[in-house]
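Please look over the structure shown here. Some questions and answers on it follow.

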Amino acid sequence: MLEDFKSGRNQFCRPDVASFGTLMAAFSKASSGSDASAAHFNEQLLDVLIALYNQNNKPPELRPNSRIYAIVMDSWAKANEPQKATDTLRRMIQSNVTPNMHNYNTVLNAWARAAKSEDNASSSNTAAQQLETLWHEFSTSAEHRDSNNNPLFQPNRFSYLARVNVWERGQRFARDAASFDAVKKANVQAAQKALQALQEMNNDTSLSRDTGDGPTKLHMYNRVLCAVSRTGNLDETKQILNELLSSFLGPGGSELAPNVSTLNFCLNACQYYASSSSSVDERIAAAEQAEAWFEELGTMPSVRPNVVSYNAIIACWRKSNAPNAIERVWELWHRMQQKPLPSPSSNKDTSFPRFAHRQHHHPLHPNHVTFDEVLQCILYSPNQNHNIKLHFIHQVLDKMRAAGISLDPSKVSFHREIQSFLIQNKNWQAN
């Protein structure tokens, strides 16, 4: 069609901006993953469209619109080329095409996506810093205002979510830093930035009239909890959780019902706190806080504790080194499978009263992480009653064999310690 029009063979076969948009959208949709071919193709089509527009006395039907530029930006974002997506937005503005919030959010999300896909902390931090720089530019620069000096960039919840995501995702690569202190510093910085974005969103009065955005806001709270949990800051975790619960219980807050991710991120905070503390009392307090959140959130219909939930709270007790850690872990171990079994230290039945209210829709099956945490808790517990330890270990190993699960092959030394313990107590029988 384009060649017929250019050659003059068929002036009735005249392409318009809708024709280009349909072709570009189809090609973008057909591309997969981070393949940049669609982005290059759409960039070339945009060049052709602009050339046709200028060569034919700028007819309105050939004038590139925000949808055309949005397709090109989205193609570059999918190809993990956030700078080219940003360049396309600048080109759009220079062509006197007014951007909308979808265009701005596409660019912001491109940088958030880049933070997730980068393979080191430095690159991810660069993506986060670039997003913050663009946010400031969009908010203050004169070129991002209309003819009446009204701001074109008016952030919505998706905009703020991109800011949270870029820091939370980039935080995952902080482990590449040279030292523990550097990792901790990177985690704290990311958590502060994510929390700042959440606070700015909550203070943005222009969002107060939005409806139907509860799931987006809940997701944002969860991502902030995720970022803060990696710092092990239990006070900030409590503050964010209480804020979420207050919104949920307030007028129109039904869409903000906490879910299992909310619970798991709170439990992760307890894990990180226990891992970084050298005080046994503080580690025990972290495990008890995890149990309290497990109780508080687990009673909500919207929260269904899963295997990850139980693994987290079991890990908290394992790290606590508490004298009663084995009993707490054993209780959780059986409760997750909905099988209140007799206590190994007595012939009396136990109903696990602290968890009696918790009913799952189906039994939860321990995975290799569960087995690993339980075995470590038993083996390294300060409890000196070897008969109880042996009883527990054999039950766990029997359960593993029945489930067809093997010990983690990467933890050879741990396997040897288990075998050594059993051999020393003359209860080991090789299979």
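Q: Where is the place of lysine 58?
A: Helices here are DSSP runs (H or I, at least four residues), numbered from the N terminus. Lysine 58 has its place in the loop between α3 (37–55) and α4 (66–78). This is a predicted model, in which local features need pLDDT of at least 70, side-chain atom pairs count only at pLDDT 80 or more, and totals for chains, interfaces and linings use all residues. Residues are numbered from 1 along each chain as its sequence is written, and side-chain values use heavy atoms, with hydrogens and water left out. The place asked for is the loop between α3 and α4.

Q: Is lysine 58 buried or exposed, or partly exposed?
A: Buried means under 20% relative accessible area, exposed means over 50%, and partly exposed lies in between (1.4 Å probe, protein chains only). Lysine 58 is not a glycine, yet its phi is positive, about 55°. Because its relative accessibility is 49%, lysine 58 counts as partly exposed.

Q: What is the phi of asparagine 80 near?
A: Asparagine 80 sits in the loop between α4 and α5 (82–94). With a relative accessible area of 25%, asparagine 80 is partly exposed. Its phi is positive although the residue is other than glycine, and the value is near 60°.

Q: How do the directions of α3 and α5 relate?
A: Axes are lines fitted to C-alpha atoms, for helices over the stretch in contact, and angles run from 0 to 180 degrees between N-to-C directions. The axes of α3 and α5 come within 13 Å and cross at roughly 15°. Angles under 35 degrees count as roughly parallel, over 145 as roughly antiparallel, 65 to 115 as roughly perpendicular and the rest as oblique. Therefore α3 is roughly parallel to α5.

Q: With which side chain does the side chain of glutamate 291 make a polar contact?
A: Glutamate 291 lies in helix α13 (residues 280–298) and counts as buried because its relative accessibility is 8%. A polar contact is a pair of N or O atoms within 3.5 Å; within protein, one must be able to donate a hydrogen and the other to accept it, and residues adjacent in sequence count only if both atoms are side-chain atoms. At 2.9 Å, the partner is the side chain of tryptophan 317.

Terms used: Helices (H or I, at least four residues) and strands (E, at least two) are DSSP runs, numbered from the N terminus.
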